[in-house]
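The sequence and the model are shown below.

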Amino acid sequence: MCTNIVYEWLKTLQLPQYAESFVDNGYDDLEVCKQIGDPDLDAIGVAVPHHRRRIHEAVRRLKEADERTVGLYFTLEPQP
């Protein structure tokens, strides 16, 4: 079984059975997963409607988390 961030993400969604298909179809990190749409879920093999809804909702949450952190920058400067 693959053990990467996508597997862990799917595991939290209680959908780890799709992990191998996600990775095989190029969805091997969460940045790429944020682009998932219905055609992608068809290609991955997610046919169960409530599994699709769960993934769409999780993708929406990932995007919202990004929006909350936009403009958040850190500068590391030595202390005087």
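## Aromatic cluster

Tyr27 is buried, at a relative accessible area of 11% (buried means under 20% relative accessible area, exposed over 50% and partly exposed in between, with a 1.4 Å probe and protein chains only). The model is predicted: local features require pLDDT of at least 70 and side-chain atom pairs pLDDT 80 or more, while totals for chains, interfaces and linings use all residues. Residues are numbered from 1 along each chain as its sequence is written, and side-chain values use heavy atoms, with hydrogens and water left out.

Across the whole structure, 2 aromatic pairs are found (rings of Phe, Tyr and Trp, the last by its six-membered ring, pair if their centres lie within 6.5 Å; planes under 30 degrees apart count as stacked, over 60 as edge-to-face and the rest as tilted). Trp9 and Phe22 pair edge-to-face, at 6.4 Å centre to centre and 70 degrees between the planes. Because Trp9 belongs to helix 1 and Phe22 to helix 2, this pair ties together parts 13 residues apart in sequence. Phe22 is buried, with a relative accessible area of 0%. Phe22 also forms an edge-to-face pair with Tyr27, at 6.2 Å centre to centre and 70 degrees between the planes. Trp9, Phe22 and Tyr27 make up one aromatic cluster.

## Fold and core

The protein has 5 helices and 0 strands (DSSP runs numbered from the N terminus: H or I of at least four residues for helices, E of at least two for strands). Buried residues account for 30% of its 80 residues.

The largest nonpolar core contains 20 residues (such a core is a set of buried Ala, Val, Leu, Ile, Met, Phe, Trp, Tyr and Cys residues joined through side-chain atoms within 4.5 Å). At least two core residues come from each of helix 1 (5-12), helix 2 (19-24), helix 3 (30-33), helix 4 (38-44) and helix 5 (49-69).

## Loop between helix 3 and helix 4

Lys34 lies in the loop between helix 3 and helix 4 and is buried, with a relative accessible area of 5%. Its side chain makes a polar contact with the side chain of Glu31 at 2.7 Å (a pair of N or O atoms within 3.5 Å; within protein, one must be able to donate a hydrogen and the other to accept it, and residues adjacent in sequence count only if both atoms are side-chain atoms).

Gln35 is found in the loop between helix 3 and helix 4, but is exposed at 59% relative accessible area.
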